[in-house]
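Hi,

Here is the structure I said I would pass on. Could you open it alongside this email and follow along?

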Amino acid sequence: MKYIYSKETKTFKLQKALQSGAVVTASQAAKSFGIKNLTAEVARVRANGFVVNTISRKAGNGVNVTEYAMGKPSRQLIAAGYKALSVGLVG
């Protein structure tokens with residue numbers, strides 16, 4: 001399923017930030033874009049065909065932080081897409 005969103009939406013702003021090379025955390029997304037549920041917004045960006053990598057790390061104060069960054073699709077992912085097209089799962 002492909003979502004289309006306007007340029008004023010939080011999802012569009014997040015997508016543009018990720019495409020520009022930004023690494024976004026939930027805290028940054030809330031401050032910059034007003035996004036309260038970053039996981040849901042990232043899912044919408046992924047549904048539009050973009051690869052968004054999830055990076056988990058431990059901050060200096062010992063807190064686990066999840067970061068999101070734009071990535072490139074793996075060969076495995078591309079192969080799965082072609083397979084889905086060949087058997088008619090997507091069109």
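One convention before anything else: helix axes here are lines fitted to C-alpha atoms over the stretch in contact, and angles run from 0 to 180 degrees between N-to-C directions. Bear in mind that this is a predicted model, where local features need pLDDT of at least 70 and side-chain atom pairs count only at pLDDT 80 or more, while totals for chains, interfaces and linings use all residues. Residues are numbered from 1 along each chain as its sequence is written, and side-chain values use heavy atoms, with hydrogens and water left out.

The overall picture first. The chain has four helices and three strands, in the order α-β-α-α-β-β-α from the N terminus. Those are DSSP runs numbered from the N terminus, with helices being H or I of at least four residues and strands being E of at least two. Along the principal axes, the C-alpha atoms fill a box of roughly 50 × 30 × 20 Å. Of the 91 residues, 26% are buried; buried means under 20% relative accessible area, exposed means over 50%, and partly exposed is in between (1.4 Å probe, protein chains only). Taking contacts (heavy atoms within 4.5 Å) between residues at least 6 apart in sequence, 45% join residues at least 24 apart.

Now to helix 3, residues 38–47. Its buried residues are Leu38, Glu41, Val42 and Val45. Seen down the helix axis, they fall within an arc of 100 degrees, so they line one face of helix 3. (The arc is that of the directions from the helix axis to the C-beta atoms.) The cover over those residues includes helix 1, strand 1 (24–25), helix 2 (26–33), strand 2 and strand 3. After helix 3 comes Gly49, which has a positive phi near 95 degrees.

How does helix 1 pack against helix 3, and at what angle? The angle is about 75 degrees, and the axes are 9 Å apart. That makes the two helices roughly perpendicular, a label for angles of 65 to 115 degrees; under 35 counts as roughly parallel, over 145 as roughly antiparallel and the rest as oblique. On the helix 1 side, Lys10, Thr11, Leu14 and Gln15 meet Leu38, Glu41, Val42, Arg44 and Val45 of helix 3.

Gln15 is worth a click. It sits in helix 1 (residues 10–19) and is buried, because its relative accessibility is 8%. Leaving out residues up to four places away in sequence, Gln15 touches Tyr5, Val45, Phe50 and Met70.

Last, the charged pairs. Side chains of opposite charge can pair when their charged atoms come close. With a salt bridge taken as a side-chain nitrogen of Lys or Arg within 4 Å of a carboxyl oxygen of Asp or Glu, the count is two.

- Glu41 and Arg44 meet at 2.8 Å, N to O. Being three residues apart in helix 3, they are separated by about one helical turn. Glu41 is buried at 12% relative accessibility, while Arg44 is partly exposed at 34%.
- Glu67 and Arg57 meet at 2.7 Å, N to O. This pair links distant parts of the chain, with Glu67 in strand 3 (residues 64–70) and Arg57 in strand 2 (residues 52–58), ten residues apart. Glu67 is buried at 13%, and Arg57 is partly exposed at 38%.

Cheers
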